[in-house]
Amino acid sequence: MKKIITISREFGSGGRTIGRMVAEKLGMSFYDKELIEKVAEESGLSKKYIEEGGEYAPSKSRFAYSFIGRNIDGMSLDDYIFMAQRKVILEIAEKESCVIVGRCADYILRNRDDVLNVFIHSDMEKRAERIVKLYGETDKSPEKRLKEKDKKRSINYKYCTDRVWGMSQNYHISLNSGAIGLDTCVDIIADLAKKL
């Protein structure tokens, strides 16, 4: 039977790495950057624009989407990106078992019974340490960067789904990767997916 795992995550929590490891462990396809490429093909927009616009709000303000331009149908470029992402995610979910990272996939696939929605989080200290080690974050304080990224993700998620990002009711399971480690997160998710 087909199974789909969606991974939503705080910036720096290791959610992308966990998703990739789960996909490898279960022999599933993995969609993260690959999803961006497919949406770029579908929409004709640049990968860089989709990478930012498809998951992050244009600013940290809760009014981020209030002043953006819209076409005659009332759709903004951000709406267009979401619709393209939605189409690609629905097509992938119909086709194969997979792990999908971010992009509101948990919301888009919410009515399916073959989906496991996961949220990965961690404390600020561990996430800051991780982004410094992985990305060499030095331009601004890692804590500030984490807060900005999470705020923009939260605003984007609310705009696209009208739900609160990270709220436990939106997911089947929420795991603290800093407390239990990436490998344990992978084992828990893989075991749960096998029981779908």
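Student: Which residue lies over the face of Tyr107, and at what distance from the ring centre?

Tutor: Arg110 does, at 3.8 Å from the ring centre of Tyr107. The criterion is that NZ of Lys or CZ of Arg is within 6 Å of the ring centre and within 35 degrees of the ring normal. Lys149 likewise lies over the face of Phe11, at 5.4 Å from the ring centre. Please note that this is a predicted model, in which local features need pLDDT of at least 70, side-chain atom pairs count only at pLDDT 80 or more, and totals for chains, interfaces and linings use all residues. Residues are numbered from 1 along each chain as its sequence is written, and side-chain values use heavy atoms, with hydrogens and water left out.

Student: How many aromatic pairs does the structure hold?

Tutor: A pair of aromatic rings is described by the distance of the centres and the angle of the planes. Rings of Phe, Tyr and Trp (its six-membered ring) pair if their centres lie within 6.5 Å; planes under 30 degrees apart count as stacked, over 60 as edge-to-face and the rest as tilted. The structure holds two such pairs. The rings of Phe119 and Trp165 have centres 5.4 Å apart and planes at 80°, so this pair is edge-to-face. Phe119 belongs to strand S4 (residues 115-121) and Trp165 to the loop between H7 and strand S5 (173-176), 46 residues apart; strands are DSSP runs of E of at least two residues, helices runs of H or I of at least four, numbered from the N terminus.

Student: Why is the pair of Phe119 and Tyr171 called tilted?

Tutor: The centres of these two rings are 5.1 Å apart and the planes stand at 45°, so the pair is tilted. Phe119, Trp165 and Tyr171 form one aromatic cluster.

Student: Is Tyr171 buried or exposed?

Tutor: Buried means under 20% relative accessible area, exposed over 50%, and partly exposed in between (1.4 Å probe, protein chains only). Tyr171, at 7% relative accessibility, counts as buried, and Phe119 is buried at 4%.

Student: What span does helix H7 reach from its first C-alpha to its last?

Tutor: Helix H7 (residues 142-161) has 20 residues and reaches 28 Å, close to the 28 Å expected at 1.5 Å a residue; the expected span is 1.5 Å times one less than the number of residues. Its buried residues include Leu146, Lys149, Arg153 and Tyr157. After H7 comes Asp162, with a positive phi near 60°.
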